[in-house]
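Welcome to this short tour of a protein model. Please take a look at the sequence and the structure first, and then we will walk through some features together.

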Amino acid sequence: MKRYWLVVLVMAVTCVVTSCGDYSEVEDLAVVVGMSMDETSNHHLRVTCDIMRSSESGSDNTSANQNQDMLVTGEGLSMASALENIQKKLDKRIYLSHNTLVVLSDRVISDRFASMLDELERNRELRLNQMVVVVRGDADQIWTISNRSETPLAITIRQAIQNWEACTDAFRAEQFRMLRDWNAPYGVAHLPWLDPQAANWVAGLVFVDPRGGIAWWSICPPRDNGALWLLGDTRNLVQKIVFQDPYRGKEGQICIRWGHTHTTFGFRYHKNKLYVTVNWWGNGYIEAMSPGHVADRTTFKVLEDQAGRDIQRDIHQCIMRMRSADVNLWRMSLYRTAPQLFRILERKDPSWWKKCDVSYVIHPHIVHSGLSTRSPG
Amino acid sequence: MSMTATEKLDDVVTAVLGGKAVLFQDGLGTAFIWDVESWPGRQVERAENEPTLQGPQEAFVENRVLNIALVRKRLRSPDLRILDFTIGERTRTTVSLVYVEGITKPRLVQEVCSRLSKVCIDGVVDMNVVREWIADAPRTIFPTIEETERPERVVSGLLQGRIAIIVDGTPMCMVLPATFAQFITSPEDYYMHYTLALPLRLLRHIMFWSSVLLPAVYVSLLTYNQDLIPTPLVQKISSQRAGIPFPTVFEALFMMFAFEALREAGTRLPRAVGQSVSIVGTLVIGEAAVRAGIVSAGMIIIVAATGIASFTAPALGMVQATRLLQFVFVLCAGVFGLYGVAILGIVLIVHLASIRSFGVPYLAPVGPTLLTDWKDALVRAPWWDMGRRPQEYEPMDRKRARGRR
């Protein structure tokens, strides 16, 4: 008899421990696929949820912009309280596990970025692979985008952003995880900058300091690649170069597709001064070239020299812009490379990153075409 | 026509009751028994329960002597041994134990003889009576003795060092010991090129576990672990489920019961009517149930897929086991979610590992690991690479042939 009671006890304990109270039917869930967060004038957080619409979804307290989306807004002191208020408007349980997009306004970033990240990370329903993006002005204006696809708007936007993955890791799907790494303990987050008026909705990148510093960097390939190169590895970036033909003395134009580029930072501390070296290495091929040029060793040398100068200029401009926007780009790199030195510098002069000397080592390697591996010579 | 001599009156009575002729000679204390019996019965026909596209098509019939002849026709070895037992106080059914001397382990023969001699019952109406008396793990739902109606499968088992039991009046034969892998093996695996047999056997393994787990995993995903469903699919399933009055777990149980009822009806009814019932059940009732909003289309797909998956198991005993297990897993999924399914899965594997069939571990050659036997368990190696008999049955003679090897 004791044995049977033991079995009953084990079953009961298992029932409780495995939280069978979590039981909920899939049709009773309001599946959130996107969220936008704004700060109101009274310092409240306004959260708008993009809820995936099933055939029977709908409520008097909600508004629907498209067939697949249902937008519900709530305000509160924190994200949790705002979500609680949204829940009151719905007859289904809010389900955040399928959330793919978090849209933050610049004001939220400036005022409560760290606490917002903390809330996003602590919420046990939220996945770590959601994409965090920034909008200048009101974040909920993102939901005004006309959605012609059959998927919910948040998913459509995310797919548009992910198309940029071909260019740089900055847009990769595991962004929230990366963002967390960059912010702990010292780092700079780079987030996609969305503009509902832009053609592909992606306007550029935003560099965010944990203290709330923001640097906006519009990206318009193939001219403005400096920010992407500073972020590390890139793939398939296109760069246009104007060069001086060594034989004809005239200007020529060339379009290079950088198959793979790699950027690292080197730090050297000498006589109480920090020296930073930006090492750039890239492998590309000529995608298009103005006619009449002789593609020989001399021309390729000129091309590589010109490409190196342009790359150095782009990176330098980006660094200067970061400095002017009070965004410390090397915080994480130095901390990971030499934590002792980092602490000394932070103690002695917190603005060390504005004063350090920067040198560049640029190694562009250009080949004839995608099928070649060597330059002429 | 064979003749035997006996001095026991009991043997004479049994022989006369068995339709044999007995010759007494005045002044001689010995009676001569002549096998002149001729029982009404079927002739050898095509295998109905284990059909194959390739290979032999003959199947056992109810006549034991004919069945032994079918085996002997394929195994013309002087080492083939047949031991007869009379079981059933009233029916006096003859049960023949068949093995190959020099291959089968003598202790195994002794053990089976011992168990057969302990069978104490008034009548043996079917082979199952004997099977339940001698089988290991009597409370498990998994079969521990292989059943077949194909003589060549019995011969294959005998050459592996196993024992066959033929019961008079039953068109099937028992082969023992049996392991889990044996029940996923189809005779057709050996009739086609091994490169083609390999994926089919792997498919059957996958289908077996699918038939056990698919409805349970579906129920868990829809009721507890919605985060594991791809986002676009959540939307579709949610739309399908909207308006369904029953919880997912009851919907699944309802559909599974309906499916089992249709299957049972199809089996019991005459073949022509049975097929009609199946078609009406699957097409008409399924469609009507979805239209009426009683069940969702996704659940119909899952239950149908589970049914198809369960039919890929060649052994009927294993199919019946999966039918029962499905319900247990779905109930567990409805209460505990994927966690419960995982725990029950572990319990199931532990249970399988604890079963023995006449001393042979049920999960052999996977547990215990006998790598050489994997050639004919999870996969099917080419015949030229299977020079040795399976180690799990501990045959006396490991080598299959001594020719060029």
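In chain B, the centres of domain 1 and domain 3, taken over C-alpha atoms, are separated by 57 Å. This is a predicted model, in which local features need pLDDT of at least 70 and side-chain atom pairs count only at pLDDT 80 or more, while totals for chains, interfaces and linings use all residues. Residues are numbered from 1 along each chain as its sequence is written, and chains are lettered from A and ligands numbered from 1 in the order in which they are written.

**Domains of chain B**

- Chain B has domain 1 (1-38), domain 2 (42-178) and domain 3 (194-357), with bounds from an automatic or database domain assignment.

**Chain A in outline**

- Chain A contains 10 helices and 13 strands; helices (H or I, at least four residues) and strands (E, at least two) are DSSP runs, numbered from the N terminus.
- Of the 377 residues in chain A, 38% are buried, where buried means that 20 or more other C-beta atoms, placed from the backbone, lie within 10 Å of the residue's own.

**Where the chains meet**

- The contact involves 23 residues of chain A and 22 residues of chain B; two residues are in contact if their C-beta atoms, placed from the backbone, lie within 7 Å.
- On the side of chain A that touches chain B, helix H1 (2-17) and strand E1 (29-39) of chain A are the elements giving two or more residues.
- E1(A) gives the most to that side, with three residues.

**A sheet in chain B**

- Five strands of chain B make an open, antiparallel sheet in the order E4-E5-E7-E8-E6; two strands pair if DSSP finds at least two bridges between them.
- Strand E4 (80-87) and strand E6 (146-148) of chain B each have a single partner strand, so one side of each has no neighbour in the sheet.
- Strand E5 (residues 93-100) and strand E7 (residues 163-167) of chain B run antiparallel and are joined by four bridges.
- B:Val95 sits opposite B:Val167 in E7(B).

**Nonpolar cores**

- A nonpolar core is a set of buried Ala, Val, Leu, Ile, Met, Phe, Trp, Tyr and Cys residues joined through C-beta atoms within 7 Å.
- The largest nonpolar core has 136 residues, of which A:Val32, A:Val103 and A:Leu104 touch the most other members.
- Helix H7 (residues 194-223) of chain B supplies the largest share of this core, 10 residues.
- Another core, of 37 residues, lies apart from it and includes B:Val100, B:Val112, B:Ile134 and B:Leu158.

Conventions
Buried ≥ 20, exposed ≤ 12 C-beta atoms within 10 Å, placed from the backbone.
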